[in-house]
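Notebook open. Today I'm looking for holes and greasy spots.

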Amino acid sequence: MKQDNMPQVTRFWNTIAEEFDAIYTGANKSWTSRFLDRVFRKDIYQRFDWVMQKSGDVRGKTICDIGCGSGRFVTEFAKRGAAHVTGVDVAPDMLKLAQGLVERDGVADKCDFALSDVLNWKTDRKFDIAIAIGFWDYIQDPPERLRLIRNFTKETFLSAWPRFWTWRMPVRKVRLQYIRGCPVYFFRKPQVFEMLEGAGFQVVSCETIGKLFCVEARPK
Ligand SMILES: C[S@@+](CC[C@H](N)C(=O)[O-])C[C@H]1O[C@@H](n2cnc3c(N)ncnc32)[C@H](O)[C@@H]1O
């Protein structure tokens, strides 16, 4: 049965906003924790590099980051010369971190943030590039959100999907869903392709990176 899981998702990400951002920075982490992140969360760094490589030269482009979290992609795009970057997220504490980051990096004038589920986000803007990374993990039923993303994407959509039935799947189900109360979902490759195509995207490439499918798509 389809449910609205967003209250649980929002609560979870608000609670662990700083903890999540520390995966990127290593802030307040012991040497051992940083080492464990590098080993067990390697695909978080790899998906970042994948997005930057696939985005290519972003100078002058407009970009939308769905589920932008603490703004690590937003600030990087802005520093690489994007004309404007918009981050959308349901968790206010994540957006506070993101706003602070773009201010510290001196790119706040090129960035804006919307506190919203993409499902309820009203915009008539169009973006050259859209990304949704570390996002589908928390979405029970992606098609409607995919169609909305398709409507505002002009050139490229980059998305990362947690793979069904890797060793990490049961670990995350227990740790996130059953212990910490944040629902988490996993996907098979044909299902991902079917959902993207059904939303009006054409899949250009798909790479298996760690426990993820990283998919480049463009509007049909
Ligand atoms: C794992 S974090 C990823 C953050 C960022 N994309 C990154 O990779 O660094 C997931 C983020 O997605 C946000 N999120 C989850 N479901 C969302 C939804 N339906 N609409 C907007 N944001 C959502 C969460 O609040 C959280 O900040």
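My entries on the pocket, the cavity and the surface patch follow.

Ground rules: I'm working on a predicted model, where local features need pLDDT of at least 70, side-chain atom pairs count only at pLDDT 80 or more, and totals for chains, interfaces and linings use all residues. Residues are numbered from 1 along each chain as its sequence is written, and side-chain values use heavy atoms, with hydrogens and water left out.

Pocket. I looked up the largest pocket (an open set of 1 Å grid points with protein on both sides within 12 Å along at least five of seven lines; lining residues have an atom within 4 Å of a point) and got a volume of about 820 Å³. Of its 44 lining residues, Trp 13, Phe 20, Arg 47, Tyr 138 and Arg 172 are the closest to the centre. H8 gives the most to this lining, with 5 residues.

Cavity. I found 1 cavity of 30 Å³ or more, a cavity being a set of points where a 1.4 Å probe fits but cannot get out. The largest cavity holds about 40 Å³ of space. Arg 172 turns up in this lining too, along with others including Pro 162, Phe 186 and Lys 211. Helix H8 (residues 168-179) is again the top contributor, with 3 residues.

Surface. Which helix gives the largest share of the nonpolar patch? I noted helix H3 (residues 31-40), with 5 residues. Phe 35 sits in H3 and counts as partly exposed because its relative accessibility is 44% (buried is under 20%, exposed over 50%, partly exposed in between, with a 1.4 Å probe and protein chains only).

Technical notes
Helices (H or I, at least four residues) and strands (E, at least two) are DSSP runs, numbered from the N terminus. Grid points are joined across faces, edges and corners, and a volume is the space filled by probe spheres set on the points.
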